[in-house]
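The sequence and the model are shown first.

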Amino acid sequence: MSTIKILYFAKLRDQLDCAEEAFELASEACSVEQLKAALCERGESWQKAFADSQVLVAVNQVMATADTQVSANDEVGFFPPVTGG
Amino acid sequence: MMSVSVQTEDFDVPAFYKALKADAPQIGAIVTFTGLVREFNDDISVEALYLEHYPGMTEQVLEGLIEEAAKRWPIINATIVHRVGELRPADQIVFVGVNSAHRDAAFAAAEYLMDILKTKAPFWKREQRPEGGKWLDAKASDEKRATRWH
């Protein structure tokens with residue numbers, strides 16, 4: 001079983017009402033795109049939040065893309081475009 | 001070579017300047033930039049600004065920015081400080097300081113660090129209003145400025 005940690009930030013966290021969770025992957029590893037699809041199976045609020053093409057993702061605190069692979073003990077962060085400075 | 005800090009406390013610009021000046025006489029230029037929280041566009045319903053970030057990743061991104069700047073320009077030292085938490089108009093929010101032998105490298109590196117920080121470092125601003133928080137949207141103009149450095 002591959003367990004990963006998922007973090008949600010800012011507007012995305014508020015929309016999902018979830019800051020952090022442990023998530024069991026259905027297989028040993030999957031792509032960010034497949035992970036998003038699995039999360040969207042949870043229902044409308046998740047589909048809505050992830051439908052925004054601007055949602056960014058980091059794997060192990062490094063910016064990632066839809067085909068970045070995720071496996072056991074990885075940390076995945078989802079967040080909206082950044083607005084610091 | 002580099003110093004990065006993400007903090008809730010205010011910061012002392014003269015202290016950073018002094019640290020950057022410590023590399024003299026090897027250096028001939030120090031460029032510092034301080035960003036302040038602007039008034040909330042006359043919108044009196046905004047009580048404060050709240051800054052959130054991705055602990056751990058933020059520091060890594062900022063360190064990576066300084067490393068990239070050092071590859072592009074002959075800078076000797078660089079400092080980035082960014083505040084998080086609740087901030088009000090006129091508060092200091094961000095500091096970027098760079099020193100170098102010559103001003104062209106120091107000016108360019110400081111501008112590069114600010115431009116890329118605004119589009120790549122995981123910080124998010126929320127306006128605090130009586131009815132709740134409102135997350136700010138990223139600006140296309142910031143993205144455009146950052147693309148100049150690609």
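Predicted model: local features only at pLDDT ≥ 70, side-chain atom pairs only at ≥ 80, totals over all residues.

## Chain A: contacts and overall form

In chain A, 54% of the contacts between residues at least 6 apart in sequence join residues that are at least 24 apart.

The secondary structure of chain A consists of 3 helices and 7 strands, and from the N terminus on its elements follow one another as β-α-β-β-α-α-β-β-β-β. The radius of gyration of chain A is 12 Å, close to the 12 Å that the globule rule gives for 85 residues, so the chain is as compact as a globular protein of that length. Taken along the principal axes, the C-alpha trace of chain A spans about 35 × 30 × 20 Å.

## The sheet of chain A

Within chain A, 5 strands come together in an open sheet, whose order is β2-β1-β7-β4-β5 and whose pairing is mixed. The edges of this sheet are formed by β2 (20-25) and β5 (62-63) of chain A, each of which pairs on one side only.

Strand β1 of chain A, residues 2-8, has 5 of its 7 residues buried, so this strand is largely enclosed by the rest of the structure. What joins β1(A) to β2(A), and in which sense do these strands run? There are 6 bridges between β1(A) and β2(A), and the two run antiparallel; in this pairing Leu7(A) has Glu20(A) of β2(A) as its bridge partner. With strand β7 of chain A, residues 75-79, β1(A) is joined by 4 bridges, and here the strands run parallel. Tyr8(A) has Phe78(A), in β7(A), as its bridge partner.

Towards the β5 end of the strand order, strand β4 of chain A (residues 56-59) pairs with β5(A) in the antiparallel sense over 2 bridges. Ala58(A) stands opposite Met63(A), which belongs to β5(A).

## Chain B: overall form

Chain B contains 4 helices and 8 strands, and along the sequence these are arranged in the pattern β-α-β-β-α-β-β-β-α-β-β-α. For this chain the radius of gyration is 16 Å, close to the 15 Å that the globule rule gives for 150 residues, so chain B is as compact as a globular protein of that length. A box of roughly 55 × 30 × 30 Å, taken along the principal axes, is filled by the C-alpha atoms of chain B.

Of the 150 residues in chain B, 49% count as buried. Among the contacts in chain B between residues at least 6 apart in sequence, 78% join residues that are at least 24 apart.

## Glu127 of chain B

Is Glu127(B) buried or exposed? Glu127(B) has its place in strand β7 of chain B, and with a relative accessible area of 12% it falls under the 20% limit, so it counts as buried. Leaving aside residues up to four places away in sequence, Glu127(B) touches Val46(B), Ala48(B), Leu49(B), Gly132(B), Gly133(B), Lys134(B) and Leu136(B). The C-alpha atoms of Glu127(B) and Glu86(B), which lie 41 residues apart along the chain, are separated by 9.6 Å.

## The two largest pockets

The largest pocket has a volume of about 790 Å³. Its lining is made up of 34 residues, and those nearest the centre are Thr83(A), Lys118(B), Lys125(B), Leu136(B) and Lys139(B). The elements that contribute two or more residues to this lining are β2 (29-36), α3 (103-120), β7 (123-129), β8 (132-135) and α4 (140-147) of chain B. By class, the lining of the largest pocket divides into 16 nonpolar, 7 polar and 11 charged residues.

The second largest pocket has a volume of about 300 Å³ and is lined by 18 residues, of which Lys11(A), Asp52(A), Pro80(A), Pro81(A) and Asp137(B) lie nearest its centre. Two or more residues of this lining come from each of α1 (10-16) and α3 (44-51) of chain A, and from β7 of chain B. The largest share, 4 residues, is given by α1(A). The lining of the second largest pocket has 10 nonpolar, 3 polar and 5 charged residues.

Conventions:
Residues numbered from 1 in each chain as written. Chains lettered and ligands numbered in written order. Heavy atoms only, no water. 1 Å grid on protein atoms, 1.4 Å probe; cavity = no way out; pocket = protein on both sides within 12 Å on 5 of 7 lines; lining within 4 Å. Points joined across faces, edges and corners; volume = space filled by probe spheres on them. Nonpolar A, V, L, I, M, F, W, Y, C, P; charged D, E, K, R; others polar. Pairing = 2+ DSSP bridges. Rg over C-alpha atoms; globule rule 2.2 N^0.38 Å. Buried < 20%, exposed > 50% of the residue type's maximum accessible area, 1.4 Å probe, protein only. Contact = heavy atoms within 4.5 Å.
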